[in-house]
Amino acid sequence: MSTWLITGASSGLGRALAEHVLNAGHNLVATARNTDSVDDLVNAYPDTALTTILDVTERASIDAAVTAAQERFGGIDVIVNNAGYGYTGAVEEGENDAVARLFATNFFGPVDLIKAALPGMRDRGTGTIINVSSVGARVPIPGGGYYAAAKAAIEGLSGSLRQEVEPLGLRVMVIEPGSMRTEFRGRSADHADTQLEAYDKVLGRTGDKALGPQRGDPAKAAAAIVRAVEDPEPPGLLLLGTDALGGFHAATRAATGDVEQFEHLTRSTDATL
Ligand code: NDP
């Protein structure tokens, strides 16, 4: 039995993961901005579920949740930085205050939780940090630049963090889901208020471009995450869904093609020894 702490457990992937973790017999700190959405988990699993209010943009609520987890379960084995949302708009349309909020939730909040959880994990010499990114960080689409940037930021940080904490016995895993059937495109979605006609066509606002289907099943995604964490050699990167897999390979091929085509220029810039 291990102890998990999940942010954004009110809906979508976070909710599905919360149910899966409890069903598998683990302890869970199910956190949400409004705990009414997770109270039923405590009723169903009174001995192993704890709920706390956690808004990832409020450092005090992060610290309180980590303390509550320590007191109730003696420490946290797995933190899941799941809370997040998307923001749509061309780069030129993006509003700085909305983009700052996006980064507060998708990047700075997860960083604060990592920093709050690390002392306990380091003391115990064990722990897994899961950062839910998006395949969109790797395969950006028109209108998704700020979201891709926020997710790419947490991925960049995760790479260094992994190398810093692995010698201490800790693990870091990045999850890149494809499109999943959650509130991501529904009530959670944010959009730039500014809409410049110049970008209507490329962003699909003229009705001639549809978003792809939401293939991903959050319950199956949750099961895959738990299996990955429990693997004796867990991955540093886990893609979720065949759309994520296709995007990953296409992006990798495109990047490799550019690198190989211009390798002569790349090699031309070293100083003469
Ligand atoms: P949902 O909209 O269903 O869930 C998002 C969760 O994040 C909700 O619980 C929401 O809480 C929470 N949240 C938002 N802001 C905050 C905040 N400031 N503090 C705490 N919680 C917050 O979408 P998903 O389940 O799909 O999203 C889960 C993760 O998956 C996100 O990081 C998302 O970016 C990522 N993702 C999703 C994809 C998809 O297609 N669904 C694709 C790729 C990545 P509340 O109920 O209070 O609003």
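Me: What should I know before looking at the numbers?
Reply: Residues are numbered from 1 along each chain as its sequence is written, and side-chain values use heavy atoms, with hydrogens and water left out. The model is predicted, so local features need pLDDT of at least 70 and side-chain atom pairs count only at pLDDT 80 or more, while totals for chains, interfaces and linings use all residues.

Me: Why are H1 and H6 called oblique to each other?
Reply: Helices here are DSSP runs of H or I with at least four residues, strands are E runs of at least two, and both are numbered from the N terminus. H1 covers residues 12–23 and H6 covers residues 218–230, and they pack at about 55° with axes 8 Å apart. Axes are lines fitted to C-alpha atoms, for helices over the stretch in contact, and the angles run from 0 to 180 degrees between N-to-C directions. Angles under 35 degrees count as roughly parallel, over 145 as roughly antiparallel, 65 to 115 as roughly perpendicular and the rest as oblique. The H1 and H6 angle of about 55° falls into that remaining group, so the pair is oblique.

Me: What makes H4 and H5 roughly parallel?
Reply: Their axes cross at roughly 15° and come within 8 Å. That angle is under 35 degrees, so H4 and H5 count as roughly parallel.

Me: Which residues of H4 and H5 meet, and what classes do they belong to?
Reply: Contact means heavy atoms within 4.5 Å. Among the residues that meet are Leu102, Phe103 and Phe107 in H4 and Tyr147, Ile154 and Leu157 in H5. By class, this contact has 17 nonpolar, one polar and one charged residues. Ala, Val, Leu, Ile, Met, Phe, Trp, Tyr, Cys and Pro count as nonpolar, Asp, Glu, Lys and Arg as charged, and the others, Gly among them, as polar.

Me: What classes turn up where H3 meets H4?
Reply: H3 and H4 pack at about 30° with axes 10 Å apart, again in a right-handed crossing. The residues that meet include Arg59 and Asp63 in H3 and Asp112 and Lys115 in H4. This contact has four nonpolar, three polar and four charged residues.

Me: How do you know that arginine 59 and aspartate 112 form a salt bridge?
Reply: A salt bridge is a side-chain nitrogen of Lys or Arg within 4 Å of a carboxyl oxygen of Asp or Glu. The N to O distance in this pair is 3.5 Å, which is within 4 Å, so the pair qualifies. The partners are 53 residues apart, with arginine 59 in helix H3 (residues 59–73) and aspartate 112 in helix H4 (residues 96–124). The structure holds 10 salt bridges.

Me: Why is glutamate 93 called buried, while its salt-bridge partner arginine 205 is called partly exposed?
Reply: Buried means under 20% relative accessible area, exposed over 50% and partly exposed in between (1.4 Å probe, protein chains only). Glutamate 93 has 1%, so it is buried. Arginine 205 has 28%, so it is partly exposed. The closest N and O atoms of the two are 2.6 Å apart.

Me: What does the bridge between glutamate 176 and arginine 138 tie together?
Reply: Glutamate 176 lies in strand S7 (residues 170–177) and arginine 138 in the loop between strand S6 (127–132) and helix H5 (145–165), so the bridge ties together parts that are 38 residues apart in sequence. Its N to O distance is 2.8 Å. Glutamate 176 has 0% relative accessibility, so it counts as buried.

Me: What makes valine 259 exposed?
Reply: Valine 259 sits in helix H7 (residues 242–261). Its relative accessibility is 55%, which is over 50%, so it counts as exposed.

Me: And why is methionine 121 called buried?
Reply: Methionine 121, found in helix H4, has a relative accessible area of 1%, so it is buried. Leaving aside its neighbours within four places in sequence, methionine 121 is in contact with residues including Ile76, Val78, Ile129 and Leu170.

How values were computed
A crossing is left-handed if the near helix is turned anticlockwise from the far one by less than a right angle, and right-handed if clockwise.
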